[in-house]
Amino acid sequence: MKKIWICLLALALTFAFTACGDKKETDENHVTQQETQTTDVISGSSLEAVTSQTISARESMPAASQSRDDAYEKELRSGKYTWEKPLIVTNPYGNSPLTAYILFYTEDACKVSVTVKGKTKKTDVAGTVGRAKYHRIPVVGLYPDAKNKVVLTCLDNQDKKLRSRTIQIQTGKLPDKLQDVIRVEKKTKTSAYGLTIISGFSTKYPFAYDEDGNVRWYIYMTSGSYGVFPLSNKRLIFLSDLAYTPTEEKPHVTQMYEMDYLGRAYQSYYVKNGIHHEVIEKTPGGNLLVLSNSIDGHNEDVVTEIDRKTGNIVKSLDMRELFDDTYQDMVDWAHLNTASYKKEDNSVLLSPRNLHAGIKVDWKTNELKWILANPKMFEGTEQKDKVLKPIGNITWHYQPHSIYEIPYDLDNDPDTIHIMMYDNHWRGTRKVDFFDKNKESYVTIYSVNEKEKTVKQEKLYPGVKSIITSNSAYDRKNKRIFSFGGYLHPLINGRQGMIYEFDYDSCAVLNQYSAKYYFYRGYELNIDWNDLAAPLKIGDNYIKGTLQAPIPAKEKKQPAETLGEDKVSFYLMESVLYMTTNDHAVKKVQFIGKNNSYVMDYSSAGKGTKKYRKLKYSIAIPLASLKPDTYEIAVNYQGKWYATGKNVVKNN
């Protein structure tokens, strides 16, 4: 068996995986301009649209993935690799170290089953790839720092075994950040989840563990604060930490990838006002619902529908359209953290954490249908009649961090729906005098009768206190409830997160795991083996979405003083310029051409907060809409204009 590593394939690719008090303007050449920012729609790749002799360029992740994939397909089609002597490529896309490809040709077409042998039979990771002669067999679920046994079996049309063999694949050590990341605290039953994903917050590398607590998959790319989100096609949305937008409070990610478990990216999306807390499909394979920001005195207060094919914004709903101003007393007054869509009645279920509530909204009319909350919360407001009437005793929720409908009939009552909530049971941001001071967090199941506008608490699954982040999940097949407590307070034996697997009926804890770091959410990992085995085809429209765009301005002279790259630096990724600087340090950016001039204005983001002043990140600036010209770049840094010594050329 011939082992060939990535470097021997001559894939000279570089993945851009890691991110690297206002003063009055007195310079008459750089007068304050009325903010009239526009939105630039990013559509399609544009490799030669913008170039520069002074700014380095990086390859986009989808393009880099495609280059590697094309090389593997060429190697496979060469016919050099056989069942007896396959080509084995570990970490094929450079960012998923516990995966591999096994490439070979067989004279007769067959299906191939692949099994990564676990330390126990229950922890095997197995799948089957469809009938072919040229086989690109994906391997997912390798153990780190181990010589893994991978069993391949050729099957005929009736799934009869034709031949079988075992291949050994050696892997490297886990990064320090993933050492001892999961511990088994209690294990009494086989878990409903074979592999469980944890990501977000302090867990910067998304990873998955098996029921024995062993890491079996991770992405060696640092994600944005909210990690990854699963899709119905068994791929992921990965929040990139490459680009952010400033807001009145903290910066939010503006870029995300659709990627698979091998680490290859299919497309890149930009979202103008940032992404936080939720990216979910409206319907399977359909548009995306993304939680975003108004950046209009508030943040974390908007739900946006994104066209899946173009990245364009279809609709945005600001929470100020639903509520009176009773609670609009802080920047993060609503703090949306989940969204989900119900096709049957064209509604969206939302979780405005800082209102201690869950709400249902008609997505066509924007009518607030009902509020699930302690009625005391909305006494005296214009929304008091929207609050569901409680039946029986209820342990009310406070600052919940996820709310979804369970789409199954759990009580044989056609008039009820079932709402599952992770109740952090905390009041750190929105203090209310009727808080009960319970010392636990909960997964709560509510039954809601929408005709009678009533609510009853059906189930309450208690866990240790997790004051923010966190989510829950329901497994119908095994009748299990998962509780992902991502932010323990206080810590338990130095551990920052706790995961429970409950029996739905008895509420008994069947399995329990602790996490080394704070995390945002947990999910089940599901694999589409045929999708991973298929050649990548990103097409032309692999970069899409919206970004705040430069607007035309009067021509300006370059400032006399030049700012160093330690303060502001740049790189290009196709037609998008990434400007790296400290939070709220740059108020405006000028593109000064020979015949044209443009300005970017970030004034609407306010002054920000002191706690993020030293945070350095990149802001994505789209340049495709600029008229052809050569543009010198100047910045208003800390209230003063500077030249940067950098320029870009917008080509025809």
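Trainee: In this predicted model, how far apart are the closest N and O atoms of the salt bridge that E501 forms with R480?

Mentor: In the predicted model, E501 sits in strand β33 (residues 497-503) and R480 in strand β32 (residues 480-485), so that the pair links distant parts of the chain, 21 residues apart. A salt bridge requires a side-chain nitrogen of Lys or Arg within 4 Å of a carboxyl oxygen of Asp or Glu. E501 and R480 form such a bridge, and their closest N and O atoms are separated by 2.5 Å.

Trainee: Are E501 and R480 buried or exposed?

Mentor: The term buried is kept for residues under 20% relative accessible area, while exposed requires over 50%. By that cut-off, E501 and R480 are both classed as buried.

Trainee: Which residue forms a salt bridge with R136, and where in the chain do the two partners lie?

Mentor: The partner of R136 is D69, with 2.8 Å between the closest N and O atoms. R136 is buried because its relative accessible area is 3%, and D69 likewise counts as buried because its relative accessibility is 1%. The salt bridge between R136 and D69 links distant parts of the chain, 67 residues apart, with R136 in strand β6 (residues 125-140) and D69 in helix α1 (residues 61-77).

Trainee: Which residues are linked with R136 and D69 in a network of salt bridges?

Mentor: The structure holds 34 salt bridges, and R136 and D69 take part in a network of them.

Trainee: Why does the salt bridge between R235 and E258 tie together parts that are apart in sequence?

Mentor: The closest N and O atoms of R235 and E258 are 2.9 Å apart, and the two residues form a salt bridge. R235 lies in the loop between β13 (223-230) and β14 (236-240), whereas E258 belongs to strand β16 (residues 252-259), so the pair ties together parts of the chain whose separation in sequence is 23 residues.

Trainee: How many disulfides does the structure hold?

Mentor: A disulfide would need a pair of cysteine sulfur atoms within 2.5 Å. As to the setting of two cysteines, C154 is buried, with a relative accessible area of 0%, whereas C507 counts as partly exposed at 24% relative accessibility. The number of disulfides in the structure is zero.

Trainee: Which elements give two or more residues to the lining of the largest cavity?

Mentor: The largest cavity holds about 70 Å³ of space, and the residues that line it include Y244, T245, L547, Q548, I619 and A620. Its lining divides into six nonpolar residues, three polar and one charged. The elements that contribute two or more residues to this lining are β15 (244-245), β36 (543-549) and β42 (616-622).

Trainee: Which residue in the turn of the hairpin formed by β38 and β39 has a positive phi?

Mentor: Strand β38 (residues 569-573) is mostly covered, with four of its five residues buried, and β38 pairs with strand β39 (residues 576-582) in the antiparallel sense over five bridges. Within that pairing, S569 has T580 in β39 as its bridge partner. Two residues stand between β38 and β39 in the hairpin, and the one in the turn with a positive phi, of about 55 degrees, is E574.

Note on methods:
Residues are numbered from 1 along each chain as its sequence is written. This is a predicted model: local features need pLDDT of at least 70, side-chain atom pairs count only at pLDDT 80 or more; totals for chains, interfaces and linings use all residues. Side-chain values use heavy atoms; hydrogens and water are left out. Buried means under 20% relative accessible area, exposed over 50%, partly exposed in between (1.4 Å probe, protein chains only). On a 1 Å grid over the protein atoms alone, a cavity is a set of points where a 1.4 Å probe fits but cannot get out, and a pocket is an open set with protein on both sides within 12 Å along at least five of seven lines; lining residues have an atom within 4 Å of a point. Grid points are joined across faces, edges and corners, and a volume is the space filled by probe spheres set on the points. Ala, Val, Leu, Ile, Met, Phe, Trp, Tyr, Cys and Pro count as nonpolar, Asp, Glu, Lys and Arg as charged, and the others, Gly among them, as polar. Two strands pair if DSSP finds at least two bridges between them.
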